[in-house]
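Please go through the structure shown below with me, one question at a time.

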Amino acid sequence: MEANPFPEAVIADWSFLEHSDSRSHCPKCRKSRKYYCYTCFIPLPHLAEHLPYIRLPLKVDIIKHPSEIDGKSTAPHAAILAPLDVTIYTYPCIPDYDPNKVVLVFPCEDSLTLEEILKTSSNSLKKQELTKVNLETTEKVECHNSLDSGENGRDREEETEQTKGENKLTDAKSLPFERVVFIDSTWNQTNNIVTDERLKNLKKIELSSHNTQFWRCQDGIPRTYLSTIEAIYYFLVDVHRLFINPEYNHEYDNMLFFFCAMYEKIRSSLNSKSGKRLKAYER
């Protein structure tokens, strides 16, 4: 395992987790947990104030396969670190989505890259702007031909120019989708979920290629198949750079907080002279 799996990321200090060796009861379900409850998706009370919390630029839904083992999934990381923006559903519980506002991250024959989505949305935006310009030009002509086109007419022209600038600013910051859906399951389990009537009409997004750092790699699956939290992280970074601001200032790096803390714990155990392995983190 690499010493630093995400060298460019800036992640909050997780060393306080190392001092929390004892287990505690979840305040909701009362089950014994270590750092967080992977059933209720909440941190343990004595750790909650120390965790980094993140706001996301869009809503994230995770559809979890019922056979996926909660304690071994990275999906709860997202719900705990971004509780206002992430929701986890267990299949077959799936909301009814609007295909015009929701996308599904899943590689397939008809999936699109975010760059292709950007190009499509940019062309659509240009058409909208041309329509706005034509309408505004017509309004100006009518304004100059009216009886009250003096100072009030000039005021209206200035107001129109100002409003046009505000619209451009808003359009530049808006995303072509409001919500993204991820599937949390092994690769062999995804087909039943992807082909569900409530998901099959959603636009599919294919992520840029990255190697996973997950310690539970599936047999026979390439390293480019990411864990759920890795996929969410890379998606957010790409969305930010393409649609919000080309300059990324580590806004979502802490989505990897628990992942990196557990990664380091496992790496340390593997490198330990005692040879002691952490059974809880094995496949």
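Contact here means heavy atoms within 4.5 Å, and helices (H or I, at least four residues) and strands (E, at least two) are DSSP runs numbered from the N terminus. This is a predicted model, in which local features need pLDDT of at least 70 and side-chain atom pairs count only at pLDDT 80 or more, while totals for chains, interfaces and linings use all residues. Residues are numbered from 1 along each chain as its sequence is written, and side-chain values use heavy atoms, with hydrogens and water left out.

Q: How many helices and strands does the secondary structure of the chain come to?
A: The chain has 283 residues, of which 38% are buried, buried meaning under 20% relative accessible area, exposed over 50% and partly exposed in between (1.4 Å probe, protein chains only). Among contacts between residues at least 6 apart in sequence, 75% join residues at least 24 apart. The secondary structure comes to 8 helices and 9 strands.

Q: How far apart are the end C-alpha atoms of helix α8 (residues 257-271)?
A: The expected span of a helix is 1.5 Å times one less than its number of residues. Because α8 has 15 residues, it should span 21 Å, and the distance between its end C-alpha atoms agrees with this, at 21 Å.

Q: Which elements do the buried residues of α8 pack against?
A: The buried residues of α8 include Phe257, Phe258, Phe259, Tyr263 and Ile266. Leaving aside neighbours within four places in sequence, Phe258 is in contact with Leu17, Tyr35, Tyr36, Leu51, His77, Ile80 and Leu81. The elements that the buried residues of α8 pack against are α1 (15-18), β3 (36-37), α3 (75-81) and α7 (228-244).

Q: Which side chain is joined to that of Glu230 by a polar contact of 2.5 Å?
A: Glu230 is found in helix α7 and counts as buried because its relative accessibility is 0%. Leaving aside neighbours within four places in sequence, its contacts are Phe6, Asn211, Thr212, Gln213, Phe214, Leu256 and Phe259. A polar contact is a pair of N or O atoms within 3.5 Å; within protein, one must be able to donate a hydrogen and the other to accept it, and residues adjacent in sequence count only if both atoms are side-chain atoms. At 2.5 Å, the side chain joined to Glu230 in this way is that of Thr212.

Q: Is Arg30 buried or exposed?
A: Arg30 lies in the loop between β1 (24-25) and β2 (32-33), and has a positive phi of about 70 degrees although it is not a glycine. Most residues other than glycine have a negative phi. Because its relative accessibility is 52%, Arg30 counts as exposed.

Q: What is the omega of the cis peptide bond that joins Tyr91 and Pro92?
A: Pro92 is found in the loop between β6 and β7. Most peptide bonds are trans. The bond joining Tyr91 and Pro92 is cis, with an omega of about 15 degrees.
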